[in-house]
Protein chains: 2
Amino acid sequence: MASIDKKTDLIIGVDFGGTKILSGIFNHGLELAGTLKISTKAQRSTEEVIDRIARCVRDAVDECDLTFKQVKAVGIGAPGAVDTTEGVVINGPNLGWQNVQLKKELEKRLEVPVFLDNDCNACTLGVHEVELGGQSRDLVGVFLGTGIGAGLIFNGKMYSGFNRTAGEIGHMIIRAGGAADKDNPGETFEDLASRTAIFRRIKQAVKDGKKTILTETLGADLDDLRSGDLRKAVRKGDKLTQAIVEEAAVYAGIGLANVINLLNPEVIVVGGGLIEALENVMFDLIEKNARKFALPGVAKGIKIIPSKLGDKAGIYGAAVLARRGLKAG
Amino acid sequence: MASIDKKTDLIIGVDFGGTKILSGIFNHGLELAGTLKISTKAQRSTEEVIDRIARCVRDAVDECDLTFKQVKAVGIGAPGAVDTTEGVVINGPNLGWQNVQLKKELEKRLEVPVFLDNDCNACTLGVHEVELGGQSRDLVGVFLGTGIGAGLIFNGKMYSGFNRTAGEIGHMIIRAGGAADKDNPGETFEDLASRTAIFRRIKQAVKDGKKTILTETLGADLDDLRSGDLRKAVRKGDKLTQAIVEEAAVYAGIGLANVINLLNPEVIVVGGGLIEALENVMFDLIEKNARKFALPGVAKGIKIIPSKLGDKAGIYGAAVLARRGLKAG
């Protein structure tokens, strides 16, 4: 941290989601000086939410005892379909946003260059550059959290598709409905392997009379259940939690097998809040099942690795975005 | 056809599969002079199979009353993982081939330059260049036949992945096994929507005592059932065949929805023998379900189209491969 003082040029990476805004303060070597998190308040007006992002950025700098004059650029990952060239959030369902000029509005408020991409793309970029040294040619980053999203790098470049929505892997159907039931799409990757899925299954099991130590601290309704609680419960030998988390890991393995069969990427990185909290329980099982359910031979030599950046992948990636943007222009 | 005479330079496209070899004779404008099909005899030695490919190429030229001296290049699509640079079939499970120097061996036999790619890549290239004028930036070709395969074009270039096996979409799990059954991967796209799946379901239904006019011409064991029989049965109002073909189309729609969610390509082309025979029954249902099961908004503007090339997509694509190879080299 010694290199980050009041004379150091700063870049800021922002992970902007439907529930929280996380800002990270970096030097050009991508060393992290500190972070600040505030809630998004997505129900408020677009203007107010953008004000909050700007405030989170400014306050993060102050929190690190640095001054905003040091800031050279801000990168930001936003949820939904993003036009990276124009810096527009085309469609952000979590936010209720359509065609919001986020880059322009933030530049007005912050008076530094702002660079925008989709949040999962930013996470993938962060992992690619910071954890893997930018070396892998074809990489898929899969992020397990409240939902499940992915970022895609093909031939060394971010791939975002026709409507800039590529990577919506959480909505991939992996357990289709019954044959006769044409109107039931069945269950998606997210329905089976996200934190939301795990929480739902644990709550249902408790309602069905199953025993878990989770209810001892959280009460029978498990209202304030978090990923960290799952980790603690498994560590204490809670069978129900372990079984449900493992089941999600098997489905995550199937999701990854589908990625291997279809895309055969050099590297699959698995990250997100669920992996950050439960890597020990989930990761090996995810990898084992990904390889087992892939077509024989096609997974050979493919790296499947957990991201160490956890919930910080987004701010690292956004900082990479800002650094690249500065270089380019 | 007037432009293809004994003075015209020829290129040959070969679609080389586990059961048949199809050669097409083209001029440089990709006009087709004629085709010849022989069986692969994959159970014979590698040398003998390569001899058969060479023979099929030479005989196709003769069949068109042209001479082999006119041939400037041969392109070939082969099943399995292919090293396009070295012209090697790295792994061809249908053939039992490993590391076969197909380019070199064919060049030895034919004394013209040979260019090799994977068969689904060749089909996709054919559709991209011949049907779509090479315009679409991101395209996924999905080919429904005995199995289901795909070819991927990202940023205008064929994408083949780390082990050159990208596009194995037929093995994507879309109906995972029961939650508790960790060793049952469930059913793949191919298990649910290929010609094999349709045939299996019809045969099972007949065993279960269901009525179909198919048994009138083919007998109760339906031994010689073909795609064309399905088309005729549907046209004659056979309810069982119609229902089973439609069910496969719904699953194919789910498979395509997964592609749209994950890759958001500009164009999805649906081709292969099953579509060639049953486009009228299947295509609209495939498209409808693909759009229905994709995340709202993400399929907007994406083109989903049937390939008109049918079983000839492979030879057209292989001819494109040969033409490109000549230009590059």
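Buried means under 20% relative accessible area, exposed means over 50%, and partly exposed lies in between (1.4 Å probe, protein chains only). This is a predicted model: local features need pLDDT of at least 70, side-chain atom pairs count only at pLDDT 80 or more, and totals for chains, interfaces and linings use all residues. Residues are numbered from 1 along each chain as its sequence is written, chains are lettered from A in the order in which they are written, and side-chain values use heavy atoms, with hydrogens and water left out.

**Symmetry**

- Two copies of a chain are related by a rotation about an axis and a shift along it.
- Here, a rotation of 180° with 0.0 Å of shift along its axis places chain B on chain A, at an RMSD of 0.1 Å.
- The two copies are thus related as by a two-fold rotation axis.
- The superposition is by least squares on the C-alpha atoms of residues with pLDDT of at least 70 in both copies.

**Interface of chain B and chain A**

- The contact (heavy atoms within 4.5 Å) takes 48 residues from chain B and 49 residues from chain A.
- Of the interface residues of chain B, 100% are also interface residues in chain A, so the copies meet through the same surface.
- About 4200 Å² is buried between the two chains, and carbon and sulfur atoms give 58% of that area.
- Buried area here is the accessible area (1.4 Å probe) that two parts lose on being put together, summed over both.
- There are zero salt bridges between chain B and chain A.
- A salt bridge is a side-chain nitrogen of Lys or Arg within 4 Å of a carboxyl oxygen of Asp or Glu.
- The polar contact rule finds 22 residue pairs across the interface, both residues at pLDDT 80 or more.
- A polar contact is a pair of N or O atoms within 3.5 Å; within protein, one must be able to donate a hydrogen and the other to accept it, and residues adjacent in sequence count only if both atoms are side-chain atoms.
- On the side of chain B that touches chain A, the elements giving two or more residues are strand E10 (148-154), strand E12 (173-175), helix H8 (239-263) and helix H9 (273-293) of chain B.
- H8(B) provides the largest share of that side, nine residues.
- Helices (H or I, at least four residues) and strands (E, at least two) are DSSP runs, numbered from the N terminus.
- By class, the side of chain B that touches chain A has 23 nonpolar, 14 polar and 11 charged residues.
- Ala, Val, Leu, Ile, Met, Phe, Trp, Tyr, Cys and Pro count as nonpolar, Asp, Glu, Lys and Arg as charged, and the others, Gly among them, as polar.

**Salt bridges**

- Side chains of opposite charge can pair when their charged atoms come close.
- Over all chains, the whole structure has 27 salt bridges.
- A:Asp9 pairs with A:Lys72 in a salt bridge, with the closest N and O atoms 3.9 Å apart.
- A:Asp9 lies in the segment before strand E1 (10-16) of chain A and A:Lys72 in strand E4 (residues 71-78) of chain A, so this pair ties together parts 63 residues apart in sequence.
- A:Asp9 is partly exposed at 38% relative accessible area, and A:Lys72 is partly exposed at 32%.
- A:Glu47 forms a salt bridge with A:Arg109, the closest N and O atoms being 3.0 Å apart.
- A:Glu47 sits in helix H1 (residues 46-63) of chain A and A:Arg109 in helix H2 (residues 102-110) of chain A, so the pair ties together parts 62 residues apart in sequence.
- A:Glu47 is partly exposed at 44%, whereas A:Arg109 is buried at 19%.
- A:Lys108 and A:Glu105 also meet in a salt bridge (3.4 Å, N to O).
- Both lie in helix H2 of chain A, three residues apart, about one turn of the helix.
- A:Lys108 is exposed at 56%, whereas A:Glu105 is buried at 14%.
- Shared partners join A:Glu47, A:Asp51, A:Glu105, A:Lys108 and A:Arg109 into one salt-bridge network.

**A buried arginine**

- A:Arg201 is in helix H5 (residues 195-207) of chain A and is buried at 18% relative accessibility.
- The A:Arg201 side chain reaches the backbone oxygen of A:Leu192 at 2.9 Å.

**Positive phi**

- Most residues other than glycine have a negative phi.
- B:Leu30 has a positive phi, near 60°, and is buried at 10%.
- B:Arg164 also has a positive phi near 60°, but is partly exposed at 27%.
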